[in-house]
Amino acid sequence: MTLNRRTFVTSAVGIAAASTVGIAGCMGTASATTGTLSTRVSDNPGDISDFESCLVTISTVRIQPKDGDAKSLDADGTEVDLVELQGDASALVDEFEVETGTYEYLQVEVSGTDATLTDGSEATVEVPGSAPLKFDTSFEIRADQTTTFTADFTPVKAGNAGKYVLQPVADEVTVVYESDETTTANATDSETTTTTTANTTTTSE
C-alpha cells in the first residue's frame, strides 16, 4: 500500500489522538495520593476539676511519616477550652490534606495557655520543657478518606506552687478511619462528635 502525504498526516493525527485518550484514561483511573487528617483534642480528667476554664492555643500539628522527614501543619492558633472537653467530648483543631502512607506519631505544639481556677485566681499551665505534646500512636492516611486522630491530654498539678503541666494521656488516644458504615452526628467544633465504625483503634500503653 502506498501512503501519500495526506494519508500519512491523517494516520499520524489518529495515532496522536488515540495516545491522548490512552493517557487520559490512565490519569482518570489513577489512585489518589492524598487523604484527610482530622485532628481533634480531648481531655482526660487529671486535675481539670481545679479549673473554671483552661484555654489552650494550638499553633502546629507535626506528623512523622514512616519514611521521610516530619511534616509541620499550621493549626492557625486554634483555641480550645479543656474544661469543656471532658468525658467523650472533643474539639476539632483542623483538617489537613496530607500524603497517603503510614505515620509513626503526631505532635501538638501549644503556643499559649490562659487558665482560671475555680476560686477565680489565675493558674500557670505549661508544657514540660516547652516541648510539643507527643502521641506515639501510628496511623494511616488513606486515599480519599478521612483519618480522625483524637489526641488526649490533661493539666496535672506540679508540686505545691500552684503550677500545672500539660501531659499526654496515651491510653485515651484514638484513631478512627472513615468507612462506608461511618456515621457522624452533627456537631460544632466544641461539641461531642459520635462516630460508629468498624475501623477504630484505641491505644493501650
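Lys163 and Glu126 form a salt bridge in which the closest N and O atoms are 3.0 Å apart, a salt bridge being a side-chain nitrogen of Lys or Arg within 4 Å of a carboxyl oxygen of Asp or Glu. Because Lys163 lies in strand 10 (residues 163-168) and Glu126 in strand 6, the pair ties together parts that are 37 residues apart in sequence. Lys163 is partly exposed, with a relative accessible area of 33%, and Glu126 is partly exposed at 34%, where buried means under 20% relative accessible area, exposed over 50%, and partly exposed in between (1.4 Å probe, protein chains only).

The model is predicted, so that local features need pLDDT of at least 70 and side-chain atom pairs count only at pLDDT 80 or more, while totals for chains, interfaces and linings use all residues. Residues are numbered from 1 along each chain as its sequence is written, and side-chain values use heavy atoms, with hydrogens and water left out.

Strand 5 and strand 6 (residues 122-126) pair in the antiparallel sense over two bridges, with Ala115 having Ala123 in strand 6 as its bridge partner. The hairpin of these two strands has four residues between them, and in it Gly120 takes a positive phi near 90 degrees.

Strand 5 (residues 101-117) also pairs with strand 2 (residues 51-65), in the antiparallel sense and over 13 bridges, and Val56 has Thr113 of strand 5 as its bridge partner. A salt bridge joins Glu109 to Arg62, the closest N and O atoms being 3.9 Å apart. Since Glu109 lies in strand 5 and Arg62 in strand 2, this pair ties together parts that are 47 residues apart in sequence. Glu109 is partly exposed, with a relative accessible area of 24%, and Arg62 is partly exposed as well, at 25%.

Another salt bridge is formed where the side chains of Asp136 and Lys134 meet, at 3.6 Å from N to O. Asp136 is partly exposed at 48% relative accessible area, and Lys134 is partly exposed at 37%. The count of salt bridges comes to four.

Conventions: Pairing = 2+ DSSP bridges.
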